[in-house]
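Reader: I am new to this structure and would like to learn how to read its features. Please take them one at a time.

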Amino acid sequence: MAAAKLYLVVVMVVLGIISNPVSADPDLLQDVCVADPTSGVKMNGFACKASFNASDFFFDGLAKPGLTNNTMGSKVTAANVEKIPGLNTLGVSLSRIDYAPGGLNPPHTHPRATEMVYVLYGVLDVGFITTANVLVSKSIKKGETFVFPRGLVHFQKNNGKDPAAVIAAFNSQLPGTQAISATLFTAAPPVPDNVLTMAFQISTKEVEKIKSKLAPKS
């Protein structure tokens, strides 16, 4: 009898899991909830505007290539809830990433979303690292896609002689980005030098050198 009850409980739990789709953001409870960034209400996401119009659901910022004349030779243009208020509670967003020849979108994570990239043009070497420290990588070209699982460190590198670009899709209205090097070496307040020297097995002088290179240009 006890075994039968246990079996029934297990079946109910499994059915509950497979019948509820897993998403990065909570489900919406109404047709739309256009974000009101000026609201003083603190909540998970943004408070809803009292009224809205078509402009709250429109953004043309992905139409043109981003400028890649920077240290990394890449530019991420986000189309998330901060740019498109109508995305609030919808659980999706996009980005366009442009790469100069030799450009890199450095190792980073998205704590709130899985990412899928679609190559507009060019060739990229991409990859992510699992929690078992295994690199999963591939070269992708125009028309191809690649998925980076939520929360895992990943990167894209243009090793070609021509520019490249992708459209990236996320299952979150605001996936968040933590670039590994910038997170550790440019945090404010700063991560203690003795943490960085021990973690990376480098000297304090080398830590300061890295910080100076990664410091935001004023």
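Reader: Which residues form a nonpolar patch on the surface?

Author: The model is predicted. In it, Leu28, Leu90 and Val92 make up a nonpolar patch on the surface, and together they have about 220 Å² of accessible area.

Reader: Where is valine 92, and is it buried, partly exposed or exposed?

Author: Valine 92 sits in the loop between S1 and strand S2 (93-99). Its relative accessibility is 41%, so valine 92 counts as partly exposed.

Reader: How many disulfides are there?

Author: A pair of cysteine sulfur atoms within 2.5 Å is taken as a disulfide. By this rule there is one disulfide. Cysteine 33 and cysteine 48 form it, with their sulfur atoms 1.8 Å apart. Both cysteine 33 and cysteine 48 lie in the loop between helix H1 (2-19) and strand S1 (74-79), so the pair ties together parts that are 15 residues apart in sequence.

Reader: Is the disulfide left-handed or right-handed?

Author: The torsion about the S-S bond is about -100 degrees, so the disulfide of cysteine 33 and cysteine 48 is left-handed. Cysteine 33 is buried, at a relative accessible area of 5%, whereas cysteine 48 is partly exposed, at 37%.

Reader: How is empty space found?

Author: A probe the size of a water molecule, rolled over the atoms, shows where empty space is left. Here the largest pocket has a volume of about 780 Å³. Its lining has 31 residues, and Met72, Asn105, Pro106, Ala179 and Ala182 lie nearest the centre. Among the elements that give two or more residues to this lining are strand S3 (104-109), strand S9 (164-170) and helix H4 (204-214).

Terms used: Residues numbered from 1 in each chain as written. Predicted model: local features only at pLDDT ≥ 70, side-chain atom pairs only at ≥ 80, totals over all residues. Heavy atoms only, no water. Helix = DSSP H or I, 4+ residues; strand = E, 2+ residues; numbered from the N terminus. Buried < 20%, exposed > 50% of the residue type's maximum accessible area, 1.4 Å probe, protein only. Patch = residues over 30% accessible without salt bridge, like charges linked within 9 Å, V, L, I, M, F, W, Y side chains within 5 Å. Areas by Shrake-Rupley, 256 points an atom, 1.4 Å probe, with all protein chains shown as cover. Salt bridge = Lys/Arg side-chain N within 4 Å of Asp/Glu carboxyl O. 1 Å grid on protein atoms, 1.4 Å probe; cavity = no way out; pocket = protein on both sides within 12 Å on 5 of 7 lines; lining within 4 Å. Points joined across faces, edges and corners; volume = space filled by probe spheres on them.
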